[in-house]
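Here are my notes on the model you sent over. Have a look at it first, then read on.

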Amino acid sequence: MSLQIHQFLCLSDNLCVLLHDTATGATAAIDAPDATPIVAALERKGWALSDILLTHHHADHIQGVPGLKAAFPDVRVSGPALEADKIGELDRELGDGDKVMIGTHEAKVLAVPGHTRGHIAYWFAPDRLLFAGDTLFAMGCGRAFETPPSVLYHSLMKLAALPGETQVYCGHEYTLANARFALSVEPENETLRRRAEAVAALRAEGQFTLPTQIDLEQATNPFLRVEEPEIQKSLGLQNAPAAEAFAALR
Ligand code: ZN
Ligand code: FE
């Protein structure tokens with residue numbers, strides 16, 4: 001029951017992930033920023049695309065769908081029901097609690113509104129894998145484009161409650177800039193300082209900083225730590241409710 005994972009860059013800073021179930025050959029792309037590099041990666045691996053799992057409707061996550069469908073006519077496109085009208089090419093519309101199978105591997109759909117109103121994440125519980133799209137980033141989070149910040153905060157808390165060892169794949173490699181911002185609001189966080197150094201070294205070598213891990217985010221991501229006195233002080237707040245501090249930080 002093994003699942004192979006291949007992560008690579010698309011466009012300027014989008015991360016695309018291919019999941020391959022060795023038992024059945026089923027292969028999924030998480031989001032579709034750009035068909036050309038995704039098809040090239042599939043060819044190199046010798047994998048045939050069976051599924052596309054979309055997290056939200058933004059162009060940099062869906063614009064590769066037509067090209068992938070042209071290359072793999074039988075591919076099944078799954079994505080958020082609440083954004084089906086904007087995406088337009090869904091074979092399967094998903095909502096909170098729905099299950100998706102990639103070969104023998106099951107993912108549960110988590111509704112995580114905020115960045116967009118219908119944004120979903122894919123949680124492969126037995127594999128301890130989360131595909132968070134543009135909701136949670138390493139030491140950061142997406143912008144609340146389509147809901148009040150409190151809605152995004154609630155979604156982030158839902159993801160933060162997953163098991164600490166969960167590996168988290170995100171829609172973008174924004175980690176270096178996120179680390180600088182995180183340090184600016186929580187400079188005394190020793191774990192954060194060490195992580196920022198490690199991230200800078202990885203990026204200097206041209207390496208990805210993702211996946212991240214839920215427990216590492218809990219220790220270093222300021223958007224999950226808005227109740228910390230040091231962060232609230234940086235925001236000019238004291239004992240503020242979490243949602244209020246989050247809105248100030250975001
Ligand atoms: Zn987006
Ligand atoms: Fe994006």
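The points below go through the metal sites, a hairpin, a loop residue and a helix.

1. Ground rules. This is a predicted model, in which local features need pLDDT of at least 70 and side-chain atom pairs count only at pLDDT 80 or more, while totals for chains, interfaces and linings use all residues. Residues are numbered from 1 along each chain as its sequence is written, chains are lettered from A and ligands numbered from 1 in the order in which they are written, and side-chain values use heavy atoms, with hydrogens and water left out.

2. Donors here are N, O and S atoms within 2.8 Å of the metal (3.2 Å for Na, K and Ca); water is not among the atoms, so sites may look incomplete. His56 and His58 are both buried (under 20% relative accessible area, with exposed over 50% and partly exposed in between; 1.4 Å probe, protein chains only).

3. Iron ion (ligand 2). Asp60 (OD), His61 (NE2), Asp134 (OD) and His172 (NE2) sit 2.0 to 2.4 Å from the iron. Both Asp60 and His61 are buried. Asp134 bridges the two metals, the iron ion (ligand 2) and the zinc ion (ligand 1), which lie 3.2 Å apart.

4. Strand 7 pairs with strand 8 (residues 105-111) in the antiparallel sense over four bridges (pairing takes at least two DSSP bridges). Two residues separate the strands, and Gly103 in the turn has a positive phi of about 60°.

5. Thr166. Where does Thr166 lie? In the loop between helix 5 (149-160) and strand 13 (167-169). Thr166 has a relative accessible area of 0%, so it counts as buried. Its contacts (heavy atoms within 4.5 Å), not counting residues up to four places away in sequence, include Trp123, Arg128 and Thr212.

6. Helix 6 (residues 175-185). Its buried residues are Thr175, Asn178, Ala179, Ala182 and Val185. They share one side of helix 6 because they cover an arc of only 130° around the axis, taken from the directions from the helix axis to the C-beta atoms.
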